Amino acid sequence: DAHRREKRHVLHFEVEKVFDVTSVLLGLQAPVLLALSACVGYAMLMILAVRRRGWHSANSRGLILYLLLSGLWTVGLSLTLWIGLREEVPLIGVHAAADILLAMSPLLGVMTLMFLERPGGRWLALLGGLWLILILAIEFNLFDIQPAVLKLNIASTIGETLRILRTINWAGFSAGIFLLVLLDYLQIRRPLHRNRILFWLIALMLIISGETLTLLDKTRFLFDVMQVGLALRFAGAIVLTVAAVSYHLPILRTFVRQATAVIIFTLVFGALIFCGIVVVTSVAAHLDTITTILIATGTALLLAILQQPVRALLQRWTDRFLTSGRYDPTRALRDYGDAISNILDLETLVTVAISIVAEALGVRRGALMLITDRDETGVDAQIMSGMGTFPIERADFSAKSPILEALRRGDMPLTQYEIDILPQFRIAQPRERTWLQALDMEVYVPIRSQGLLIGVFSLGRKESGEPYTAQDLDVLTTVGNQTATVLQNARLVSDLKGANRSITKLNDDLTTSNRRLEKLDMAKTDFIEIASHELRTPLTQIRGYSDILADVVKQPPANPAHMAQISQSITRAGQRLEDIITAMLDVSRIDSQALNIHTTPISMAVVMKIALDNYTDAIRDRKMKIAATGVDDLPPVQGDLQRLCQAFANLIGNAIKFTPDGGSVAISGRSFAENSVGHQMFVEILITDTGVGIDVDDQVLIFEKFYRVGAVELHSTGSTKFKGAGPGLGLPISKGVIQAHGGKLWVESEGHDEERMPGSTFHVLLPAMKIPVSDNGISAGKD
Ligand code: ADP
């Protein structure tokens, strides 16, 4: 206690000293008055904040609270300067101010996070709150912390402990916030965003340095550091409030540049005037008054005349050194108008227009968005790059998008800064905002024709890193107006070209399908020929054999061997007739989707074996090689055994028929999982021959019924003979059967060539059964 009293005494003494000096000057307790007027200042800042931003947003409430606390803190500190108060009042003031500072630093942190639109504000507030509670607990000795703290020997007194804790808290928060803003400032490339953050950074610098001064031990300084600190702190609060409440902040870079130009001009011209005065005064000693006055007048006139060119010269120099160079807007606009006026091609227009504007402004990125109203709900925007690459080619805006609305109505270009900062754009759909962010543009210039928005000229940031000036935006507005008619024409031409292209395409499609229909039509006409040929051949055979039989019966004795041969031939012809009629019935069932499929789990190996069995004799007779690989390992298929055998027998039969003697047929199988259809397994079987091959034009048509490639005369020349075609029903049946199993059938071949024998490969794709997983987790089927 003795120590404390002594300290207070010292404080009092210092205060008196300061008071002495200033009160002599002002006759008032000046420090107190200054501090209190700072309070009034904070109150005015609060009023400004409420008027500009209202009560409702979290940002403005945070700011108002911060200003209120700042005012109270100033009052607390000014109590320590107040002479004539009761002894303990300054001490209360010191503690109150210290506690308020404790609450202010985290609050500043939260405001900064909100300003930078970063997350984590809640956590920071929580952390700050916990610190505050801890320190208040020590201060009011709740939970008896004080003896414990003292025992730990961290500090000699409670006051000391509190001071250390408070300083740590304040320094930690202040440094953290400052670093965060500094990093953001260094990272951000957009000039206007940078400028806004720079304001905050300056505010933080003023606030933190001001607070540091108030925390220093005043006895060590000649001047009152606390007063200076309070003033700096107040200046910081002004900058902070301005940055938080206004959207269009002055551009500090431009401001500095203009100030530099003024200073340089003043210095140079001051030096000139000085020289003039020196000259006049030095001649005055030697000459009479009239001459002196004449010389003085001459010098003054000379300086007055010089003033204008000197200013112009200096302006040019400072421009060259301090800015990225200027362009002549009238000339740029005239050049632009001349260059684009006759362009009708949309892409050329975009490239030329963007490159001219980009060059004048020193920009490296530009695009034109073509705007098309899709319907009542949406608007399409197509990006046409003029310079640089863009991640997206088109996007859609909602019809009520505030961004589009601003482009439709506003008379100036819209900047990305405005889209990011202004509250009216915050209601825009998030996808529109992210989309624009991704484009990485700085300014959007609307192009309107007859009151409709038809395009948006978008430009990236300037290479110099400077923001667009008001003059740039004016020029861009005119550019937008100049582009409107040309763009409208180019769009019309492009639409016409597009329409022309689609008509040509339609025409081509029509020709193709016409050709196909013609072929099919021919196939149908042929069918009558083929069918009659196909049906008549066995019928004729039957009739012939029965005539022979009748003759044989008339002239006994009958030779049993001869009789047996005749009956066999009749049976074979009857069988052929039945086959053809069955095939025709099958096709008609497939056509009317009446093919009955009775499914059971089936092994593909069995199907292949049965299908191949039909051709053992033919393969031997025609000296062909046939091999099946990978078929045994396939997973089972849910299917109709008889139908699948029929389908594969047709395919294998064709492969044999259309391959010359001594050729080979290879059957191979594989299975795979298709992730796009929920891990469905498929089996694929390939039947490859070394035969005549199939023309690309015919590769679809052969699956149509009655379609055949060769001449009619070749038909019914045998079911396994080389090129011994049937009625053209085999493939349609196979396809119908496989489709009825949920599968696909198609063919690949280089073309039809009876010299080279390119061969064909028929692909069959069938869905496999789900393999049941047994209890031990090992797949029951083979893979
Ligand atoms: P067909 O009864 O004439 O065999 P398909 O419907 O089975 O009738 O086949 C139609 C046509 O497809 C055949 O006439 C033939 O021209 C062609 N074709 C089918 N398979 C093959 C193959 N493996 N190689 C060459 N051409 C084939």
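1. Start with the shell around the ligand. Helix 21 (641-657), helix 23 (730-740) and strand 13 (760-767) each supply at least two of its residues. Bear in mind that this is a predicted model.

2. Which residues come nearest to the ligand? Of the 22 residues around it, they are N654, K657, D689, G728 and L731. By class, the shell is made up of 13 nonpolar, seven polar and two charged residues.

3. The side chain of K657 places an N or O atom 2.9 Å from an oxygen atom of the ligand. D689 has a polar side-chain atom 2.8 Å from a ligand nitrogen atom. With L731, a backbone N or O atom lies 2.8 Å from an oxygen atom of the ligand. How much of the ligand does the protein cover? On its own, the ligand has 530 Å² of accessible area, and the protein covers 96% of that.

4. Next, look at D586. This residue is found in helix 18, which spans residues 560-591. Is D586 buried or exposed? D586 counts as buried because its relative accessibility is 4%, and the cut-off for buried is under 20%. Leaving out residues up to four places away in sequence, D586 touches R643, Q646 and I733.

5. Six strands form an open sheet in the order 3-2-1-6-5-4, and the pairing is antiparallel. Which strands sit at the edges? They are strand 3 (394-398) and strand 4 (414-415), and each pairs on one side only.

6. Strand 1 (residues 366-373) and strand 6 (residues 452-459) run antiparallel, with five bridges joining them. Find M369 and look across to strand 6: its bridge partner there is V456.

7. Step back to the whole protein. Its secondary structure comes to 23 helices and 13 strands. Of its 783 residues, 41% are buried.

8. Finally, consider contacts along the chain. Take the contacts between residues at least 6 apart in sequence. Of these, 71% join residues at least 24 apart.

Definitions and conventions: Residues are numbered from 1 along each chain as its sequence is written. This is a predicted model: local features need pLDDT of at least 70, side-chain atom pairs count only at pLDDT 80 or more; totals for chains, interfaces and linings use all residues. Side-chain values use heavy atoms; hydrogens and water are left out. A residue is near a molecule or strand if one of its heavy atoms lies within 4 Å of it. A polar contact is a pair of N or O atoms within 3.5 Å; within protein, one must be able to donate a hydrogen and the other to accept it, and residues adjacent in sequence count only if both atoms are side-chain atoms. Accessible areas come from the Shrake-Rupley method with a 1.4 Å probe; for residues, only the protein chains shown count as cover. Helices (H or I, at least four residues) and strands (E, at least two) are DSSP runs, numbered from the N terminus. Ala, Val, Leu, Ile, Met, Phe, Trp, Tyr, Cys and Pro count as nonpolar, Asp, Glu, Lys and Arg as charged, and the others, Gly among them, as polar. Buried means under 20% relative accessible area, exposed over 50%, partly exposed in between (1.4 Å probe, protein chains only). Contact means heavy atoms within 4.5 Å. Two strands pair if DSSP finds at least two bridges between them.
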